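Trainee: I would like to learn how to read a structure like this one. Please show it to me.

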Amino acid sequence: MNGLPVAGGAFSIGYVHSIYRAPSAEVFTVEGRRFTMRAVVSTNESVLEYYALDGTRVRTPEGMWVLRLAVPATYEELSLLTTAIGRRTLISGGRCLPLFPADGAARVRLAVEERPDARSGPCRPPYDLAALRWAPRALTASPSS
């Protein structure tokens, strides 16, 4: 069991979209032991279309595409299939926790817990992009001019 300290009540699940090969992230807020997906952020607008969800789309001044969900999805636990291709990674406060195996696939269970021994490390490519570290601000982004 690993952990990532959640900074500012928000975290992202970063990944490389398997079809568009675009760095992307799902943005969550945390309340107690529940977490809510509020937005999707990507370098490629087609990733937002792939989700086929209602919401508000904006392009940030940094060039990121943001979809703020009309109906956020709340979880107490989330099960993910992770691979080295998609490289799912938890991101919060400039820290990253890779969820994927070196090869093959793995099932990962996400849940919010209080833990004093949470582990993480500096973000590596593509999650070291300033654009993806920007993901939590997707909740308040305004369109670019």
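Trainee: Which pattern does the chain follow along the sequence?

Mentor: Helices (H or I, at least four residues) and strands (E, at least two) are DSSP runs, numbered from the N terminus. Here the order is β-β-β-α-β-β-β-β-β-β-β-α, with two helices and 10 strands in the chain. This is a predicted model, in which local features need pLDDT of at least 70 and side-chain atom pairs count only at pLDDT 80 or more, while totals for chains, interfaces and linings use all residues. Residues are numbered from 1 along each chain as its sequence is written, and side-chain values use heavy atoms, with hydrogens and water left out.

Trainee: How many salt bridges does the structure hold?

Mentor: A salt bridge is a side-chain nitrogen of Lys or Arg within 4 Å of a carboxyl oxygen of Asp or Glu. The structure holds five. One of them joins Glu 77 and Arg 109, at 3.1 Å from N to O. That pair links distant parts of the chain, 32 residues apart: Glu 77 lies in the loop between strand E5 (65-75) and strand E6 (78-83), and Arg 109 in strand E9 (residues 105-110).

Trainee: Is Glu 31, the partner of Arg 38 in a salt bridge, buried or exposed?

Mentor: Buried means under 20% relative accessible area, exposed over 50%, partly exposed in between (1.4 Å probe, protein chains only). Glu 31 has 55% relative accessibility, so Glu 31 counts as exposed. Arg 38, at 27%, is partly exposed. The closest N and O atoms of this pair are 3.8 Å apart.

Trainee: Which residues are linked in a network of salt bridges?

Mentor: Glu 45, Glu 49 and Arg 57.
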